[in-house]
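This briefing goes through one protein model by topic. The sequence and structure are shown here.

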Amino acid sequence: MKSVPKLIRRFAGIMLVSSVLLILLNFVLLALYMLGQKPNSHPWQTAQEVAEQLHFTQDGQEYILPEEMALELEQSDVWAVFIDNKTMKVVWMTDNLPKTVPLSYSASDIADLTRGYIDGYPTFTGEAENGLAVLGYPKESFWKHMWPSWDYDVIAGLPKTVLSVFFMNIVLIFIIYAAEGSRLLKAVKPIISGIQSLPMAEAVHIREQGVLSELAASINKTSEILQTQGRQLRKKETSRANWIAGVSHDIRTPLSMVMGYAGQLENDSRLPEDGRRKAAVIVRQSERMRNLINDLNLASKLEYNMQPLNTKRQNLVAIVRQAAVDFINMDIDDRHPIQWDTEETLISCLAEVDRNLIKRAVGNLIQNCISHNRSGCSIYVSVTEENGQCTIEVSDDGAGASDDQIEQLNHAPHYMVCDENTTQQRHGLGLLIVKQIAGVHGGRVVIGRSIYGGFCVRMVLPEVRNC
């Protein structure tokens with residue numbers, strides 16, 4: 001079952017693609033989140049810039065901050081102070097400094113605000129040559145970890161730890177996906193086997209359980225219907241074949257008696273000429289009826305595979321020539337001369353065939369030319385070899401057939417199958433038997449126009465090469 005491994009590969013591929021897409025999506029979302037942060041989201045850097053840009057006025061009396069930096073702090077609602085190293089007092093401040101913020105500090109206060117808060121304001125510091133710049137951001141704008149302390153080995157091994165966790169996540173996802181996929185595949189596998197068995201007319205029964213129980217029940221029901229229809233059809237075909245064989249057998253005995261007595265009357269010199277002619281008509285029509293019965297019986301056997309085949313490697317050139325010679329010998333009035341149209345260089349065309357059936361097919365085709373050209377015609381018989389195929393062709397220069405008739409003959413409904421349009425089946429059993437004989441030999445029949453202007457039938461059979 002090639003479809004099951006294909007389905008497994010599809011599940012694994014979907015899982016891998018899903019994992020990669022999930023990782024990429026996480027990175028994209030993280031990038032979008034980072035881009036959505038506040039413009040002034042680097043407080044430590046801003047504090048250092050304030051410390052560097054804060055300078056004395058020209059008269060050296062006070063500190064001033066460039067207007068651009070002051071505007072940035074104002075827009076972010078950030079207050080700032082500058083604590084002198086020597087006095088530990090605030091020597092510069094912004095106008096928006098809250099009243100609760102002290103103006104003098106001890107060393108412990110400096111350590112406290114550096115890592116934490118002043119009166120609930122998160123503070124950030126920047127170092128200058130003679131002091132410390134302190135920025136206070138609005139409450140609840142930043143969260144600061146007051147006592148950060150990390151084991152060095154943990155930090156050093158962080159990349160390895162992250163990759164390990166990531167790999168374990170992938171493995172866990174794969175295990176979950178594989179478990180669920182195997183469960184589904186376990187339910188799908190018998191259903192696929194059942195579906196593949198339906199066209200081969202095999203009985204199918206799938207356990208109706210799991211997530212696909214309804215589908216399994218439908219397949220089981222379909223199999224039961226097909227099996228029932230198959231049994232009914234086989235029973236009907238057997239009955240039909242037996243009926244045809246029985247009727248054919250029962251008719252032969254009285255028909256033989258009719259033909260025998262009619263033949264005696266035809267040859268009885270005591271009868272008047274008119275009576276003997278009528279007896280001759282009875283003989284000919286009886287022979288025609290006998291041939292029709294034989295054709296019907298053979299067609300039925302071929303249809304239902306009841307005709308025994310005695311196939312072996314045969315030379316089709318010799319078989320077809322013999323069938324043509326038999327008809328040449330019967331053409332007493334020479335109204336239907338037969339021309340052997342096979343190339344002289346072709347002396348052998350081997351095929352695995354039943355000799356008697358092939359002769360019967362060729363005889364039917366020649367008889368078909370005679371029956372449809374009562375006033376006479378020339379019949380051309382040939383065998384050709386091409387592309388690993390042997391083609392037997394029987395054609396004539398008689399009345400031929402129209403394009404519509406040829407189309408109907410090539411695609412006519414099967415005789416042994418009931419069909420409402422039975423009025424279209426007017427060409428007798430001869431061509432049907434030819435098609436059936438070609439079919440049992442793995443060949444085909446093509447009906448068309450003859451190059452001589454009349455009717456043409458080609459029977460194409462697979463050739464057997466010499467070893």
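How far apart are the end C-alpha atoms of helix α6 (residues 158-197), and what should its 40 residues span at 1.5 Å a residue? The 40 residues should span 58 Å, and the end C-alpha atoms are 57 Å apart, which agrees. The model is predicted, and the mean pLDDT of the protein chain is 81.

**Confidence**
- In the protein chain, 84% of residues reach a pLDDT of 70 or more.
- Over residues 414-427 pLDDT stays under 50, and the model has 24 contacts beyond four places in sequence for them.
- Where pLDDT is low, the predicted coordinates should not be read in detail.

**Helix α6**
- A bend of about 25 degrees occurs in α6 at Val188, with a proline, Pro190, following within four residues.
- Buried residues of α6 include Gly181, Leu185, Val188 and Ile192.

**Five-stranded sheet**
- The sheet is open, has mixed pairing and runs in the order β9-β11-β12-β14-β13.
- β9 (338-340) and β13 (444-449) each have a single partner strand, so one side of each lacks a neighbour in the sheet.
- From one strand to the next, the twist averages 20 degrees.
- β12 (residues 389-396) and β14 (residues 455-462) run antiparallel and are joined by seven bridges; Ile392 stands opposite Met459 in β14.
- Helix α10 (residues 355-371) packs on the sheet, touching β9, β11, β12 and β14, and its direction makes about 25 degrees with that of β12.
- Helix α11 (residues 403-410) also packs on the sheet, touching β13 and β14; its direction makes about 175 degrees with that of β13.

**Thr125**
- Thr125 lies in strand β6 (residues 121-127) and is buried, with a relative accessible area of 11%.
- Among the residues that Thr125 touches are Trp44, Leu113 and Val134.

Conventions
Residues are numbered from 1 along each chain as its sequence is written. This is a predicted model: local features need pLDDT of at least 70, side-chain atom pairs count only at pLDDT 80 or more; totals for chains, interfaces and linings use all residues. Side-chain values use heavy atoms; hydrogens and water are left out. Helices (H or I, at least four residues) and strands (E, at least two) are DSSP runs, numbered from the N terminus. Buried means under 20% relative accessible area, exposed over 50%, partly exposed in between (1.4 Å probe, protein chains only). Contact means heavy atoms within 4.5 Å. pLDDT is the predictor's confidence in each residue, from 0 to 100. The expected span of a helix is 1.5 Å times one less than its number of residues. The bend at a residue is the angle between axes fitted to the seven residues ending there and the seven starting there. Two strands pair if DSSP finds at least two bridges between them. Axes are lines fitted to C-alpha atoms, for helices over the stretch in contact, and angles run from 0 to 180 degrees between N-to-C directions.
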